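Notebook, open page. I want to go through a few local features and write down what I find.

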Amino acid sequence: MKDMGLHEIRREFINFFKGKNHLALPSFPLVPKNDKSLLLINAGMAPLKPYFTGEKEPPSKRVTTCQKCIRTADIDNVGKTARHATFFEMLGNFSFGDYFKKESIKWAWEFLTEVMEIHEKDLWVSVYEKDDESYDIWNKMIGVPEEKIVRLGKEDNFWELEVGPCGPCSEIYVDRGEKYGCGKDTCKPGCDCDRYIEVWNLVFTQFDKDEDGNYNPLQNPNIDTGMGLERIATVIEKVDNIFEVKEIKKILAAVERESGKTYGTDEKTDISIRVITDHVRAMTFLVADGVLPSNEGRGYVLRRLIRRAARHGKLLGIDKPFLDRVVSIVIDSWQVEYPELKENQSYIKKIINIEEDKFQETIHQGLNILEEYINEMNKNKIKLLDGEKAFRLYDTYGFPLDLTKEILEEEGLIVDEEGFNDYMEKQREKARTAREKLTDSGWKNTNVIDLQEKYNTVFKGYETLSTESKVNGIFVNGNPVKKINTGEEGLLILDETPFYAEKGGQVADIGYIEKEGFRARVVNTQYTKDESIAHFVKVELGNINVGDEVVAIVDTRNRKDIMRNHSATHLLHRALRDVLGEHVNQAGSLVAADRLRFDFTHYEAVTEEQLSQIERIVNERILEQLEVKTIETSLEEAEQLGAVGLFEDKYKDRVRVVQMGDYSKELCGGTHVDNTGNIGIFKILSESSIASGVRRIEAITGRAVYEYLCKLESKLGSIASMLKVDRNNIVSKVESLVDELKSKEKEIEQLKSKMARSIADDILNNKQNVDGINLVAYKIDNLDANSLRNLGDNLRDRLGSGVVVLASIINDKINFVAMVTKDLVNKGIHAGNIVREVAKIAGGGGGGRPDMAQAGGKDVTKVDEALDIIPSIIREQVK
């Protein structure tokens, strides 16, 4: 066999098929595009599905790729065996109605025997049991002996879904030798032992399966092949598994260096090293392709991988964040094929480091609590962890359910997943009920109105703010009526309207619908189920009948304010990408008349400096008076224009692109100014976190900024008056007052510490002896948490060896602090566990390190009782 590594094999494969007139496409991202059926790309052909189905025209009839893939089904098994992996690369050659079986088989054999120089005697093949055509090609054209061609059934050698394109497949195996075999005479491909390793699968898509189960021949059959890069590398490098492949072994060696452990000396250690080695590759490529850690979908996969790897780092004795250093090894090696890894190195490492840090903050407490649960379960001989407890670990300590399951499994225990899901649903229900509630009015339950017939309302609001229209329908309390009168509330359906119905984050227009002797105020505009536009009205004068002619008039001032804010969100989105990076994507928005709200993906708080830069960029684009134009085009052409598509799956074949000069291009159905100068001015009011990996900016434009500045001026005047200074001297006066306040606070702290030291002698005189261990357990009134810690430090140092637990009551709340000297920590006494049990008695909770911990309590009547149990806790810990 040829002497080459993983990266050389990839290059040789791509070059080989380029020599066979294949177009070499770069790997598609791991995040599927326009394919809601997939969470992540999990096979080489997955991103090419539109070409196989005929939905899109392929760029070439012949294509070759090396595709990044992630499979999540076996995450729990990764590490436990040396066979499983989450991330892998799939080499493939594809034909879209061009060549078929002969060429596919011939080229596969040629690549393996001539390019990879694998000896023919080591190769076996399998075919579908009814595929005589493939059998004959292998036997008569290639010359593979009959005894090395194995016929297998549908389960092994036929690729199909419920309906659609399908066909037989042929697999190529490498015989690794008798030492890997089971020793049976019948041992051959298809056997469960490790002797025959499948390296290449050739799928011949020649049928179209219909709903009746009939296999109809395709007019233009396709070829879809897949060869795992890591698997063929194990063959070429003559190693037992993927973790011994040279490039992957570099990652494994980095884990050894970080942990100080040696691979191959202990099975449990080996599992942890394999987990980290695999997961680091997966997390690196996921972040590079724009995935951010979260509690949903792809983000949850990434969070699970990072936290599982971090936890196995703990098992190896790694106490500090380390994953970013191992990530560097992946980037340095794989940048040869994926230069974007090096280009985005700092971003990739930062995302992983932030997530690992978050987990580090809670992992100790979470592990301690889970350990308590496990001890309790073992003590009571219970095998099932309560779902509520598993949910608490998830909700409070960031433990993904899968991590809890894995830790329990190691102890022979399981979790009540159904109970966990019930608590998860209750949390989601709380969030749902916190949203907007329906008001009791004449348009109640509009989302379930049965209009009985389709009203094709034509929207004219892009071109005009008033139309002469005909009333096509009237509804009151959800029921169709012929007439609506003064004082009534209901819905009006017009044949055409200038009113924008709420959609895409933009609020609805308001205004009036009028005719001689009739006037109705439009307070809302919404789409109905059949996409008609419903005007929510309150009739102020007269009455109206179905069929009447009316004039529909949008509130111009309100609409213009909305347009300013909507156009500003587009400029804001582009500015966020310019300042923070291209990973920023819209996660939601609200465009109202008085404000705008923009939610976006980002991994950390936006700094004041960055916010100032973003605000300045938006205002610069406003002052440049960029022309705003709209283009109606196909989705494909919009993508070619470089338009940013937010929520792609919501768009139809024809889309609307809103372009602002050369600065911003977005798919959008909303209403906008015709020149950015009409926005006036843009001001950011706040930036905050609304979910893990999602930030929110709230801002105002135009008239709202003027009103904001007026209020600010008024407040400044009031402050200046209170401080008895000129407005220009407010800052220096406040600085002077702050310095004075700090000085006073310092004096107070010194007095408190002095008072605390003065009672230290009295406290030490009341120390207890618990089986030879010095214990100070004492209650003090009105001592803040900082002073309580200082007093604890003083007492611990004076004790030399002992346990200190102090309680202080301030404003009906209890602060506990526990401290243990180092010699007693080494004997098993744990401050965190002591203070947790003490706080429980007083209706509180807390915890911390073995040498120092804090907690809070609610029931001040229980403080003495709580302190009284400390001797028994100490005796339990030193058993």
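Predicted model: local features only at pLDDT ≥ 70, side-chain atom pairs only at ≥ 80, totals over all residues.

**Entry 1**

I looked up Lys-381 first. It lies in the loop between α12 (345–379) and β10 (384–385). I note the background: most residues other than glycine have a negative phi. Is Lys-381 buried or exposed? The cut-off for exposed is over 50% relative accessible area. Lys-381 has 75% relative accessibility, so I count it as exposed.

Next I went to Asn-782. I find it in the loop between β31 (773–781) and α21 (785–799). Asn-782 also has a positive phi, about 55°, without being a glycine. With a relative accessible area of 58%, Asn-782 is exposed.

**Entry 2: a three-stranded sheet**

I turned to the strands. Three of them form an open sheet in the order β25-β26-β27, with antiparallel pairing. β25 and β27 are the edge strands, each pairing on one side only. Direction ignored, neighbouring strands of this sheet are turned by 25° against each other on average.

How many bridges join each pair? Strand β25 (residues 628–634) pairs with β26 over seven bridges, in the antiparallel sense. β26 pairs with strand β27 (residues 664–667) over four bridges, again antiparallel.

Lys-629 has Gln-659 in β26 as its bridge partner. On the β27 side, Val-657 stands opposite Leu-667. Met-660 stands opposite Ser-664 in β27.

Then the hairpin of β26 and β27: I find three residues between the strands. Gly-661, in this hairpin, takes a positive phi near 55°.

Why do I call strand β26 largely enclosed by the rest of the structure? Buried means under 20% relative accessible area. Six of the seven residues of β26 (residues 654–660) are buried, so the strand is largely enclosed by the rest of the structure.

**Entry 3: a helix pair**

I looked up how helix α10 (residues 323–334) sits against α12. The two pack at an angle of about 150°, and their axes are 9 Å apart. Angles over 145 degrees count as roughly antiparallel. The two helices, α10 and α12, are therefore roughly antiparallel to each other. I also record the handedness: α10 passes α12 in a right-handed crossing.

Which residues meet? From α10 I list Leu-323, Asp-324, Val-327, Ser-328, Ile-331 and Asp-332. From α12 I list Gln-345, Ile-348, Lys-349, Ile-352, Asn-353 and Glu-356. By class, the contact of α10 with α12 has five nonpolar, three polar and four charged residues.

**Entry 4: Pro-32**

My last stop was Pro-32. It is placed in the loop between β1 (23–24) and α2 (49–53). Is Pro-32 buried or exposed? Pro-32 is buried, with a relative accessible area of 12%.

What does Pro-32 touch, leaving aside its neighbours within four places in sequence? I find contacts with Leu-38, Leu-39, Leu-40, Ile-41 and Arg-298. I also checked Pro-32 against Arg-195. They are 163 residues apart in sequence and 35 Å apart in space, C-alpha to C-alpha.

Notes:
Residues numbered from 1 in each chain as written. Heavy atoms only, no water. Buried < 20%, exposed > 50% of the residue type's maximum accessible area, 1.4 Å probe, protein only. Pairing = 2+ DSSP bridges. Axes fitted to C-alpha atoms, helices over the stretch in contact; angles between N-to-C directions. Parallel < 35°, antiparallel > 145°, perpendicular 65-115°, else oblique. Left-handed = near helix turned anticlockwise from the far one by under 90°. Contact = heavy atoms within 4.5 Å. Nonpolar A, V, L, I, M, F, W, Y, C, P; charged D, E, K, R; others polar.
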